[in-house]
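Dear colleague,

I am passing on the structure we spoke about, with notes on what I found in it. Please read them with the coordinates open beside you.

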2 protein chains.
Amino acid sequence: MVHDDGVTTAEEPARRRGRRPAGEDTKTALLEAARAVFAESGYDGATVRTIAGRAGVDPAMVNHWFGGKEGLFAKAVLHVPFDLNEVVETVTAGGPDKLGENIVRTFLTRWDGAGGESFVALIRSVTTKPEAMQTLRTILVNRIFTDVVRTADSDRPELRAGLGATQMIGLGMARYVARIDPVASADIETLVAAVAPNLQRYLTGELDLPG
Amino acid sequence: MVHDDGVTTAEEPARRRGRRPAGEDTKTALLEAARAVFAESGYDGATVRTIAGRAGVDPAMVNHWFGGKEGLFAKAVLHVPFDLNEVVETVTAGGPDKLGENIVRTFLTRWDGAGGESFVALIRSVTTKPEAMQTLRTILVNRIFTDVVRTADSDRPELRAGLGATQMIGLGMARYVARIDPVASADIETLVAAVAPNLQRYLTGELDLPG
């Protein structure tokens, strides 16, 4: 058992002599095991139990740190610069009216911090590997956007989640992949001001759908 | 000279015995020559004169049909389902207040008609070939969006063009590449209603920029 040390957080170095490493070391071990098992067995064939066993870690840690198998794949294989279980909490913390602003700011801060090339690698990966695309779709829409939209109690949550995804994928493509100026070089707050109201409309506003 | 036949349109079969083929045949010859010359010389090394010469066509035809070298590259190599010189005219025909609606409807109609896989091929091409990306960026932003935004006489035309590009790239990615439902399966008018107001804000609305 590793998670008996309830106070060890992900940020704490947590290197103690004579006992199993916790915190970052366990996370790293899980990520390495995940990369190996996903490569060997594919996404569908890999199980959290196998990955955790390979890392010598309690399977519950996968949920604790990565929000399950999808989050582990996102982090280990797609190198998404956030954990699923914390990103939804972060962007919903300001309530429904701040969703647009919080999502745009969090997205840009994390990807800018990770280096734009990791977003390029993500797009290259999902456009060449159908399995990676399917997993990203599940993560982005079913896990992140749908969970987020549900906190706002809006109508048509699936459509709103998909529309939100169009804006954020396009923002990432323009800033990091196509490097379209001035979107590529603008400071984060300029883009938050420009983009957040549009994302907010998708998530909680009037969609004026026909029929 | 080929374009002495002023009444021949792109839609007309235009196969006549004993004279140089016009219309579709000339267009096809130019596209084939363009693919060969771009492959041999790269985008920067290729010239309209060389391509037209290879096709046995007056270089002026390249501007007439494709809006220049960029448009020819877009059509021949990237398989973009519209010609640069007509798409700006089409989407601006309704005036500045209809830009969002006309762009979303034209984009979806053309790419749905071309088959979503051609958009997937475009994205794969630009994420793996820097030259294709650079050319797409020039076409999409400098030619299409900037020309379009200028018809609306808005402030910050370059930023608005880039923001518009984020929305349209993301819409294409979600519908054709990631196939995120219900965006992937929605009928065009549902997406026009949902997306056009957001695009319209980017092109002519209040951006509320800081500072």
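This is a predicted model: local features need pLDDT of at least 70, side-chain atom pairs count only at pLDDT 80 or more; totals for chains, interfaces and linings use all residues.

The loop between helix 9 (157-177) and helix 10 of chain B contains B:Pro182, which is joined to B:Asp181 by a cis peptide bond with omega of about 5 degrees. In chain A, a cis peptide bond links A:Asp181 to A:Pro182, again with omega of about 5 degrees, and A:Pro182 is placed in the loop between helix 9 (157-177) and helix 10 (188-204) of that chain. These bonds deserve a look, because most peptide bonds are trans and most residues other than glycine have a negative phi.

On the matter of phi, A:Asp153 has a positive value of about 55 degrees although it is not a glycine; this residue sits in the loop between helix 8 (130-152) and helix 9 of chain A, and it counts as exposed because its relative accessible area is 71%. A:Asp208, likewise not a glycine, has a positive phi of about 50 degrees, lies in the segment after helix 10 of chain A and is partly exposed, with a relative accessible area of 48%.

Elsewhere in chain A, helix 5 (residues 84-92) packs against helix 6 (residues 99-114) at an angle of about 135 degrees, with the axes 8 Å apart, and the two are therefore oblique to each other. Among the residues making this contact are A:Val87 and A:Val91 of helix 5 and A:Leu99 and A:Ile103 of helix 6, and by class the contact has four nonpolar, four polar and two charged residues.

Finally, B:Leu31 belongs to helix 1 (residues 24-45) of chain B and counts as buried because its relative accessibility is 16%. Leaving aside residues up to four places away in sequence, B:Leu31 touches B:Phe66, B:Leu72, B:Lys75 and B:Ala76; the C-alpha atoms of B:Leu31 and B:Leu72, 41 residues apart along the chain, are separated by 7.1 Å.

Definitions and conventions: Residues are numbered from 1 along each chain as its sequence is written. Chains are lettered from A and ligands numbered from 1 in the order in which they are written. Side-chain values use heavy atoms; hydrogens and water are left out. Helices (H or I, at least four residues) and strands (E, at least two) are DSSP runs, numbered from the N terminus. Buried means under 20% relative accessible area, exposed over 50%, partly exposed in between (1.4 Å probe, protein chains only). Contact means heavy atoms within 4.5 Å. Axes are lines fitted to C-alpha atoms, for helices over the stretch in contact, and angles run from 0 to 180 degrees between N-to-C directions. Angles under 35 degrees count as roughly parallel, over 145 as roughly antiparallel, 65 to 115 as roughly perpendicular and the rest as oblique. Ala, Val, Leu, Ile, Met, Phe, Trp, Tyr, Cys and Pro count as nonpolar, Asp, Glu, Lys and Arg as charged, and the others, Gly among them, as polar.
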